[in-house]
Amino acid sequence: MKVKLILPALAEAESPFWRPIKYSLFPPLGLATLAAYISPEDEIDLQDQHVEELNLDDEPDLVLIQVYITNAYRAYRIADHYREKGAYVLLGGLHVTSLPEEAAAHADTIFIGPGEDTFPRFLEDYRNKRPQKVYTSTIRTLEKLPPVRRDLIKRYKYLVPNSIVVSRGCPHHCDFCYKDAFFEGGRSFYTQVVDDALSEIDRLPGRHLYFLDDHLLGNERFASALFEEMKGMGRVFQGAATIDSILRGDLIEKAATAGLRSVFVGFETFSPQNLKQSNKKQNLERDYVSAVNRLHDLGIMINGSFVFGLDDDDVDVFKRTVDWGVRNGITTSTYHILTPYPGTRLYREMDQQGRILTRNWDLYDTRNVVYQTTRLSAEELKDGYNWAYRSFYSWSNIAKASLRHESIHHQLKHFAYTGGWKKFEPMWNFMIKTGGLNKMLPLLEAILSEVKSPGRAERSFTPAIP
Ligand code: B12
Ligand code: SF4
């Protein structure tokens, strides 16, 4: 049997804001995870449209397509194309789970929720010639999973080929997040067994890892055991965590000792009213600056995530947020315009209030205003969002933020990481075109080498590259 797995490119591939490097970061891990269930006797072709031109002239028997909200229309066109050719087409992923009826019109079978329990069930039914129209995930476990088919990933096309997830979901319930909808009907936060996670790490070559888990520190016992075992492995890694988990106990120290060098933190907003509106309880009454200082003291760089457009935001929110980031030495900032994803509580509430202005999913990329705003006009919100990016990533602010760190090593790392990420687009494009992106990995590993901070003289300095 010929099986084709496709990650269609996001809508913005055609936009002037398209940054090829942002979409050449991570390989299609979800599809490579599913491929592990397909028999080795079957012929598998995994294509990621972000980094390669799709070959649509082939004749696969079975086609699996992963659907995000902003690749949905493209995914449906590809699905229709293959169905016309007589292939059996499966659609799954976040957007299919949010809007199953919409997706079902373009598929022979759709999948609701994670695929680790449902996809193998489908394969068995398909071979027995009785596939169902809909499979809904109910069993939530990551135990005894077959190893991710990383051999299908074209590693040289990605800056960060070693992306990995060792858990699914998150223990929190923010209103704007996809998480509760995606994991409905079962556990919404679960981890691998530590030994399996370590085996998965062992299978990854080189030093650098990027954990794509929603909340790497979400299960204290699991994370603590994982970091303990990773201590001697010589890895450098990046991941995501919440403010409360950074402030609580000593887990973040353990993570740093294991090799955590940069962390994605959802600060989202400084307004307690906004936090309450979003049910982001874990940020309420937390001292953001203490969290930042703790991370910096451990030599961990910070990618701060901020949302604009919550109901308590006014026209000053943009400057306030940028100034705070610069003042506190945040390495990179990701700004989002509030986006009510279908399936979330935020979407339901806005829909009930008649505040959803468009259902053109291509616009749901957190760069566009798709809902009726309150204190800010849509134009103010969009302009403020664009201004925030421009301002935070101006050379003068990059320099100012870098100089906030105590050690020169940390200052240089900050400057190199932020400047490199945002200011060298032509270089990235050249590396992508010439197929040499992967050669930049040692540089990234060097930038992520350990910082010896004045307060942590007892910790040893790891050389940048072996
Ligand atoms: C990696 C990533 C990216 C990469 C994606 C490219 C890639 N190669 O994967 C990049 C950097 C491009 C990216 C960009 C953005 N992202 Co993003 N990203 C992620 C992240 C961190 C990991 C995805 C992943 O690999 N998960 C692990 C794998 C194992 O799970 P999975 O992919 O979901 O696959 C499973 C199931 O979905 C299912 N499945 C999936 N497809 C199919 C198909 C079939 C047939 C079947 C049977 C099953 C199935 O089975 C798989 C195994 O269980 C997720 C958060 C997360 N932890 O999932 C956010 C996430 C997907 N991103 C999100 C957002 C908002 C964005 C941005 C809009 C942010 C921004 N403003 O820049 C942009 C642009 C995206 C857009 N325009 O829509 C949101 C999406 C919300 C939504 N409803 O779509 C998420 C969920 C983060 C969040 N917590 O809100 N992202
Ligand atoms: S903490 Fe992050 S991943 Fe968890 S529910 Fe909130 S937004 Fe979603």
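These legends describe close-up views of a predicted model.

View 1. Along the principal axes, the C-alpha atoms fill a box of roughly 65 × 55 × 45 Å.

**View 2. The inside of the protein chain and its contacts.** Of the 466 residues, 45% are buried.

**View 3. An open sheet of 6 strands.** Read across the sheet, the order is β7-β10-β11-β12-β13-β14. The pairing is parallel. Two strands sit at the edges: β7, residues 163–164, and β14, residues 332–337. Each edge strand pairs on one side only.

**View 4. Strands β11 and β12, side by side in the order of the sheet.** Strand β11 covers residues 236–241, and strand β12 covers residues 260–268. The two strands run parallel. How many bridges join β11 to β12? There are 5 bridges. Look for Gly239: its bridge partner in β12 is Val263.

**View 5. Helix α15 across two strands of the sheet.** This helix spans residues 378–392. Helix α15 lies across β13, residues 301–308, and across β14. The helix runs at about 175 degrees to β14. Strand β14 is also one of the edge strands of the sheet.

Terms used:
Residues are numbered from 1 along each chain as its sequence is written. Chains are lettered from A and ligands numbered from 1 in the order in which they are written. This is a predicted model: local features need pLDDT of at least 70, side-chain atom pairs count only at pLDDT 80 or more; totals for chains, interfaces and linings use all residues. Two strands pair if DSSP finds at least two bridges between them. Helices (H or I, at least four residues) and strands (E, at least two) are DSSP runs, numbered from the N terminus. Two residues are in contact if their C-beta atoms, placed from the backbone, lie within 7 Å. Axes are lines fitted to C-alpha atoms, for helices over the stretch in contact, and angles run from 0 to 180 degrees between N-to-C directions. A residue is buried if 20 or more other C-beta atoms lie within 10 Å of its own, exposed if 12 or fewer, and partly exposed in between; C-beta atoms are placed from the backbone.
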